Structures are given as C-alpha cells and as structure tokens.
Amino acid sequence: MKFKSFIFALVACFLVSSCELTNAAKGGMIGGASGGALGAGVGLLVSKLAGTNTAKTTSIAAAAGVAVGATAGSLIGHKMDKAAKAAAALAEAELLEDKDGLNYVKVTFDSGILFNTGKSTLSAAAQQNLTKFVNEVLDTDMDVNIIGYTDNAPFKGCTAEQSAQKNVQLSLDRANAVSAYLQKAGATAAQITSVQGLGEANPVASNATAEGKAQNRRVEVYILPSKAMIEAANNGTLK
C-alpha cells in the first residue's frame with residue numbers, strides 16, 4: 001500500500017509531573033493540542049513504525065482524514081488500553097502513542113510459535129491464538145497493520161544477498177498468512193490496512209545468539225483506531 005507523506009507543525013508542548021498520567025488522560029491532553037491535523041489515507045505509515053517503539057513521525061488522525069479533540073483522545077486511549085491488556089494474554093502487547101499522542105497497540109507474535117522453521121503455514125495453536133485475537137481483542141472499529149520479520153539465517157546454497165531476499169519473501173508470506181487467517185476468523189478485509197514483509201530488517205535482538213534470532217523471527221500486528229472509531233469518539237458515542 002502506498003501512502004502519502006505528511007508534514008505537521010508542532011502545536012503544543014507540556015511538562016509531566018512526577019505523578020504519571022494515565023494513558024487515557026495523556027491521549028486526551030495531546031489529542032486536544034492536535035485537533036487541527038488533517039490528511040488522507042487510513043492507517044499508519046508502517047514503514048516508519050517498523051523497528052521502533054514509538055511512531056512520533058506519524059499521525060493516525062491525519063492518516064484517517066479527521067481531527068481529534070481532547071475528549072476523543074481520552075476515549076480512544078481508554079479503549080486501546082483495554083485492547084492492549086486483552087492482547088497481552090495471547091502475545092507481547094505494548095500500548096504506544098503516535099506523534100500527536102493518540103494511542104495504538106503493538107502486538108508481537110513469536111513466529112516460532114506461529115510457524116515451523118522456514119514455513120509460512122500457520123500451526124493449529126497459532127490459529128487458535130489468532131481466533132482469540134479476533135474474538136477477544138479486535139473490534140470492528142479497529143484497523144490492523146501487519147509486519148513479518150525473520151532472523152538473518154542463510155538459505156542453503158544461497159549468497160547472503162540471495163538469502164536476504166528469500167527472507168523478505170518468507171516474512172511477507174507469513175504476514176499474508178496471518179492476514180488471511182484473521183479475515184477467516186472474522187476480521188474484515190477493510191480492517192487490514194497494510195501487510196508487509198521486511199525480512200531481516202529492524203532486528204530487536206542480536207542475531208549472534210539463538211535467543212536473539214528467536215526474538216527477531218516475529219510477526220507484529222498493530223491495532224489502530226479506525227476513522228469510524230475516531231469519529232465515534234469525537235461524537236461521544238464510542239463504547
């Protein structure tokens with residue numbers, strides 16, 4: 001999926017005291033400051049998310065083409081916080097913020113659990129987990145971006161460059177397998193706003209150890225507030 005790039009002005013800065021704000025409150029404060037952001041194209045710019053813990057170069061509201069007020073930011077923050085907690089029962093889950101402080105969730109599935117070595121066919125256990133993800137975490141007003149990764153293990157008889165290309169394809173096949181199964185389990189095609197395979201890129205651990213390689217073999221699923229969610233939050237009808 002091709003996305004247009006966006007440039008946004010810095011609209012507000014604030015200090016946080018030693019008492020931490022709740023995620024919902026932070027979403028509300030920053031959401032109020034960014035209420036004028038507009039743009040086109042639903043979903044995050046995944047290439048700017050990949051391999052990072054934050055998405056400060058990206059704006060979900062701008063990508064959705066709507067503005068977000070302070071109250072809306074709080075409502076979305078609360079809902080995303082609940083989604084992160086539900087997802088944590090199935091995989092590693094992190095509640096994150098975009099450049100304007102709007103919350104989204106990064107869910108990391110260990111591909112060693114999802115797939116056999118070198119394969120892109122989902123295991124039975126993986127199918128059960130993804131079914132639970134759709135039924136217990138994903139609401140109809142949430143969008144999903146999927147990124148597949150591998151370690152840097154070489155393919156037999158291939159150069160490093162050839163292996164890297166094969167790993168890109170393997171990671172894409174795995175991301176597509178997750179996308180297809182999420183839809184089979186009840187997610188809609190419209191909710192899957194991006195599917196990418198980035199192969200060996202953006203390792204989260206050293207490929208020099210077996211433990212590090214295992215961490216790098218992963219599928220990341222980003223749960224994003226959809227345009228419909230943002231509009232419902234602005235209208236005060238988000239549940």
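**Exercises on a predicted model**

Leaving aside neighbours within four places in sequence, aspartate 151 has contacts with Asn167, Glu200, Asn207, Lys213, Asn216 and Arg217. The model in which these contacts were computed is a predicted one.

**Exercise 1.** Determine where aspartate 151 lies, whether this residue is buried or exposed, and with which side chain its own side chain makes a polar contact.

*Solution.* Begin with the position: aspartate 151 is found in the loop between β3 (142-148) and α7 (160-184). Next, take the relative accessibility, which is 7% for aspartate 151, so that this residue counts as buried, given that buried means under 20%. Finally, turn to the side chain of aspartate 151, which makes a polar contact with the side chain of arginine 217 at 2.6 Å.

**Exercise 2.** Classify the aromatic pairs of the structure and locate their members.

*Solution.* The structure holds two aromatic pairs. In one of them, the ring centres of tyrosine 104 and tyrosine 222 are 6.2 Å apart and the planes stand at 40 degrees, so the pair is tilted. Because tyrosine 104 belongs to strand β2 (residues 103-110) and tyrosine 222 to strand β5 (residues 218-225), the pair ties together parts that are 118 residues apart in sequence. Both tyrosine 104 and tyrosine 222 are buried. Phenylalanine 109 and phenylalanine 133 also form an aromatic pair, which is edge-to-face, with 6.0 Å from centre to centre and 80 degrees between the planes. This pair links distant parts of the chain, since phenylalanine 109 is in strand β2 and phenylalanine 133 in helix α6 (residues 124-136), 24 residues apart. As to accessibility, phenylalanine 109 is buried at 3%, and phenylalanine 133 counts as buried at 1%.

Terms used: Residues numbered from 1 in each chain as written. Predicted model: local features only at pLDDT ≥ 70, side-chain atom pairs only at ≥ 80, totals over all residues. Heavy atoms only, no water. Helix = DSSP H or I, 4+ residues; strand = E, 2+ residues; numbered from the N terminus. Buried < 20%, exposed > 50% of the residue type's maximum accessible area, 1.4 Å probe, protein only. Polar contact = N/O pair within 3.5 Å; in protein donor to acceptor, adjacent residues only side chain to side chain. Contact = heavy atoms within 4.5 Å. Phe/Tyr/Trp six-rings, centres within 6.5 Å; stacked < 30°, edge-to-face > 60°.
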